[in-house]
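Visitor: Could you help me learn to read a protein model? I would like to start with its sheet and then look at its pocket.

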Amino acid sequence: MNARARVLALSPVLLTAACFTINVYFPEAAIQDLSNKIEEQVVKEAAAKAAAASDAPPPSEPVEKPKESSSVLDLFLGTSVAHADEVVAPEVSSPAIRKIIDSRAGRLDQLNDLKAKGVIGENNQGLVEARALETLADLKARADVQRLVKAENIDREELYKEVAAAKGVDLAQLPKIRETYAETLRDRAKPGEWIQGPDGGWKRK
């Protein structure tokens, strides 16, 4: 077969290959699930920090001692039930993600207060964004908000990279991770808070 004949014979194959588009898998449901678990941990850590900072007296009522199990099986089952609610997803308990959760928990109350006042909102890239700094007359207060927003967004950008690593997603798909996480943050937003939809429009939830 001469060269021209070989080219003609391969033409349909080359044309098919040129038109073929690779569909890269993106685990959207898994990332949504992980994002919810992470946000729940941020809230829990923030509550724990607030409780530790308060001077609340210890409970006055004695803690009832658990009954001894009558068998090894009962002991195993009892322990399993007692700790069922304390089990944390492996990805959430990774050192890198735990560090980010701890950092974000430290500023959660401030962010929630600013969201309630309409000063900041959740954009469609999974980041917090200033919405009405002009409502703060104090220039120092505006600068403080900007620093807070910057620190939060630095943590979130690192978090999305860790989420990608945890789920085996290529960093080229970070935009999809941000969008997926942004959906979780919109769903968790409280009534009256600013949120940005996928189309770019802002509204009060």
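Here is a short talk about the sheet and the pocket.

Guide: This is a predicted model, where local features need pLDDT of at least 70, side-chain atom pairs count only at pLDDT 80 or more, and totals for chains, interfaces and linings use all residues. Residues are numbered from 1 along each chain as its sequence is written, and side-chain values use heavy atoms, with hydrogens and water left out.

Visitor: In what order do the strands of the open sheet lie?

Guide: Strands are DSSP runs of E, at least two residues, and helices are runs of H or I, at least four, numbered from the N terminus. Two strands pair if DSSP finds at least two bridges between them. Here the open sheet has 4 strands in the order β2-β1-β3-β4, with mixed pairing. Its edge strands, β2 (128-130) and β4 (202-204), each pair on one side only.

Visitor: How do β3 and β4 run, parallel or antiparallel?

Guide: Antiparallel, with 3 bridges joining β3 (residues 194-196) to β4. Ile195 is opposite Lys203 in β4.

Visitor: Which helices supply at least two residues each to the lining of the largest pocket?

Guide: A pocket is an open set of points on a 1 Å grid over the protein atoms alone, where a 1.4 Å probe fits, with protein on both sides within 12 Å along at least five of seven lines; lining residues have an atom within 4 Å of a point. The helices are α2 (28-53), α5 (108-116), α6 (139-166) and α7 (174-188). Of these, α5 gives the most, with 4 residues.
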